[in-house]
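Reader: I have a structure to read and would like to learn how its features are described. Please show it to me.

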Amino acid sequence: MIAICLAGGSARAQDSGVMLDDFFVSTTINSIDMEFLVRNHSARRQNTVVDVVVTDTEGKVFLRLPQNKIALNVGDSTKVSLKKTQLKPQLWSPEHPVLYNLEISLKSGKQEILREVRRIGFKTFEVRGHLFYLNGNPYYLRALSQWPVSRVVDEHGKRAPEVWTDEGFVKRFFEKAKELNINAGRIGDNDLWVKYADEMGFLNIAGSYSGAGATENRVFKSNRDNFTPKIRKLRNHASTAIYTLANEISWGRNPDFLELAVENYEFAKTLDPTHPIIANAGFGRGKVGDIEDEHDYTAWYGGSVLDMDKYEREAFYQKGGGVNQPVTFTECVGTYTGERTGRFHLWYNKGMSNALRHVGRGGQHPDDPQWYQRVVTKEMMEGMRRARGMESRVAGSFPYSDFWKWDVPNKSFSTKPATEVIKQVYSPVLLSLKSWKRHAFGGEKIEGMLYVIHDDVELPVLNNATVTISLVQNGNVLSKMDTTVPSVNYYSTVTIPVSLKIPETIVAGPARVIMELHHDQARSTPNEMDVFIAPRDFANSRSSEPVTLYDPEGKTADAMESIGLDVNRITNLQLGTGTGLVIGSETLSTLSDTQIQDVLSFVGDGGRVLVLKQEGKHLKSSALVPHGVTTQKYNSLFVNTERPGLLDKGLVNRDFFLWNPLEGSSGFPVTEVFDIQPAALHHTSVLANCGHMLQYQVVLEHFKGKGSIIFSQFELVGRVQDDPIAARVLGNLIDYLQTANHTIGPQLTTDVLFGDLDSEAGLFPASLKQGIMINGHNYGKVSWEKYGWPEGRRILGEQKIINGLGYTGTVDPVDTAKGFFYMRAPAGAGSFYLEVKNPVERPLWFKVYLNDEPAGEVVIVEPNTVKKFGPWKLPANRGEVKVTIESQADLHALKREKPIIEELVFQKMLFD
């Protein structure tokens with residue numbers, strides 16, 4: 001006896017020398033069509049009868065096809081083609097993955113010389129115009145992009161194939177995916193994973209995913225060699241839905257690429273004409289293939305969650321847009337977090353920029369990165385689901401991120417917050433509340449539009465359903481509304497206005513709006529939306545002193561008085577009592593040159609001035625703004641505060657994200673920012689920043705004479721009445737204006753651990769300009785998951801953002817670079833030491849300057865050492881000290897010409 005193993009089946013036979021080859025079975029909702037070769041490798045002529053039977057899982061015969069008699073000479077082969085129509089099978093779908101056994105037997109006389117059993121399903125998955133149809137119904141792919149076949153790693157960061165070939169592990173993973181309402185994914189061609197896709201009901205998108213960055217023609221031959229065996233293998237499986245032939249090939253890199261892509265597409269269709277094809281994942285632009293696929297990392301590399309309504313809004317995604325094919329997003333979301341620490345992956349020259357852009361100092365801790373990963377997953381998937389429908393081309397979403405925590409030794413895994421939110425946003429009947437007003441005071445309302453999105457294919461019409469919408473905080477239901485859902489046809493959407501009244505007496509903090517569908521048959525998971533609520537006195541300033549305010553129109557005055565401030569309104573800039581002057585929002589242009597000089601004199605004599613949000617063009621022309629500071633338009637959804645305890649009193653890091661919308665600026669806390677030059681940092685501190693690598697400044701304090709001017713570009717005044725967080729920030733700014741604690745450099749209280757964002761808070765608020773960057777690790781572009789948060793900083797000189805992905809690059813590439821920072825040493829400290837690591841095989845050097853004067857000789861750091869150097873004596877005046885470090889910069893490593901970065905890592909600053 002021998003075993004003949006073909007994809008999707010099993011066989012037993014005498015060693016007859018007869019075999020089946022090139023098997024291809026295709027099914028529809030009412031037909032079966034198969035062909036295969038029978039080959040005679042024996043030493044004699046074979047006279048055989050081919051018998052084909054289809055049985056159900058209980059062994060009952062569903063179909064018996066007519067027998068075929070075959071006579072084969074030695075070495076010959078013949079093709080057998082069989083077809084049957086007008087069948088009435090039970091259909092395969094993710095909801096009901098019904099499989100049949102297809103049995104093929106070959107007999108010579110009464111002796112069975114070969115028998116093969118395959119598991120098949122009857123289904124039709126096809127493209128009709130701009131939509132996918134499964135078994136005759138429009139069907140949305142609620143998918144997961146990268147299944148863990150190539151993503152599971154052990155505790156050392158190495159891939160662990162013994163886990164993803166463990167049947168118990170795989171089965172548990174598929175069970176979890178089913179629980180999360182997933183119906184499709186890029187599952188691949190691994191036999192075990194395909195087996196469970198067939199049996200448990202997941203549509204498989206598979207093929208070649210290589211080619212990104214290619215410039216030479218050979219990439220298409222490589223892709224063909226990759227996808228050909230996969231198509232031959234997968235075409236016989238019930239779970240197979242879509243083939244992918246290439247990944248992220250840019251048409252503009254080679255004039256031959258489009259023609260070669262067409263050739264590969266046409267060749268793939270000869271292998272299997274029954275399944276649709278993505279010819280070039282992500283970058284195809286509809287030029288070839290059956291599906292227009294996009295890779296969309298909005299709110300990670302560029303854009304923000306406020307852009308997620310583009311799928312609903314833009315004509316490109318509507319029926320008739322583009323090439324009028326279905327649009328899939330086989331990669332989206334991003335926001336990669338590690339499977340052990342939960343922090344963002346920090347890749348050399350790239351990941352740090354995005355991590356800081358979205359959560360600032362919070363990126364050092366796992367909670368904020370995982371929160372943001374959840375936010376992007378939720379907003380993007382809901383945006384796509386709200387858009388999809390009979391008039392939309394949006395047909396499938398495939399979030400691509402690190403959604404799992406792997407326990408390889410125990411062959412298990414657990415989920416992250418973003419994983420669990422998939423269950424909500426992929427609910428077959430989804431309740432999605434579209435509202436960008438998510439902060440509110442007690443006595444006000446949370447309002448929006450509830451979308452009821454009906455994708456439960458088992459329910460033709462959703463009738464007689466109701467919805468309960470509740471505002472819940474700390475387990476207590478604060479407000480509730482019940483409403484009837486209008487009748488909703490399958491693959492349709494209805495909308496319902498929502499208004500939830502918030503009680504007057506509440507506790508300030510996060511809360512949730514929870515939405516639940518009530519219906520006996522519909523499959524629906526309760527959904528939720530995060531909100532922030534607070535009592536009216538939450539924003540009240542702690543200041544008891546009057547504030548002098550220049551505000552001719554009165555808008556800023558009204559805002560300030562609404563948070564309990566005692567405002568001394570002036571219209572002619574006659575400076576009165578109080579410890580500071582506030583120049584109201586958008587009033588700077590009304591000041592004359594003489595009045596500006598009066599303000600500067602006031603500051604020089606020790607006064608403090610707060611300039612609230614102004615148009616950039618007025619700041620550019622004002623003598624109040626220090627030399628070396630320019631402005632530009634920039635929409636930032638997240639603002640990072642550099643000195644804890646000042647602007648963020650009573651708040652947490654993520655409260656500076658997504659404020660209530662203002663007309664013309666949506667939910668951006670900032671729409672115009674500062675861009676500071678290195679020299680300006682000598683007399684200007686940065687209190688809040690934003691953007692890639694926190695490259696732009698939001699709140700600056702310019703020191704002049706005995707006083708200072710604080711410039712804030714927060715959009716506050718228009719929000720104070722309805723956004724408690726914006727109101728609180730305004731109060732915090734006033735409190736800071738009136739405090740006596742104003743310094744250019746942060747006042748340190750203890751030793752500094754470089755690279756630890758809490759320890760070094762305020763030291764590197766404009767790090768691109770300061771030239772001392774968080775260490776990108778000495779082994780090039782790697783995940784930081786193995787190492788935790790980066791250790792130390794490196795001296796690179798002034799940097800810049802070089803593209804939309806957030807990559808950084810050197811402004812002036814030189815072999816010797818300088819970086820600097822300002823500080824106030826801890827009380828009693830007279831000197832400091834530096835702990836420095838040399839990670840390479842040759843000696844490296846550095847030199848220290850204090851207030852731009854050399855402080856000692858060049859220091860040599862021996863190979864492969866970590867050592868404390870110093871002391872460097874601090875200046876006697878005990879004020880701000882500018883510390884500059886000069887060292888070698890490895891230009892070859894920056895250009896990725898070698899894997900090891902030959903630069904020093906500065907790990908600690910120790911005071912004595």
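Author: Start with methionine 693, which sits in the loop between strand S39 (684-690) and strand S40 (696-704). Strands (E, at least two residues) and helices (H or I, at least four) are DSSP runs, numbered from the N terminus. The model is predicted: local features need pLDDT of at least 70, side-chain atom pairs count only at pLDDT 80 or more, and totals for chains, interfaces and linings use all residues. Residues are numbered from 1 along each chain as its sequence is written, and side-chain values use heavy atoms, leaving out hydrogens and water.

Reader: Is methionine 693 buried or exposed?

Author: Buried means under 20% relative accessible area, exposed over 50%, and partly exposed in between (1.4 Å probe, protein chains only). Methionine 693 has a relative accessible area of 6%, so this residue is buried.

Reader: What is the phi of methionine 693?

Author: Its phi is near 55°, a positive value in a residue other than glycine. Asparagine 135, also not a glycine, has a positive phi of about 55°.

Reader: Where is asparagine 135 found?

Author: Asparagine 135 is in the loop between strand S10 (131-134) and strand S11 (137-138). With 14% relative accessibility, asparagine 135 counts as buried.

Reader: Which residues does a cis peptide bond join?

Author: Glycine 870 and proline 871 are joined by one, with omega at about 5°. Proline 871 has its place in strand S52 (residues 865-873).

Reader: Is glutamate 259 buried or exposed?

Author: Glutamate 259 is exposed, as its relative accessible area is 52%. This glutamate lies in helix H5 (residues 257-271).
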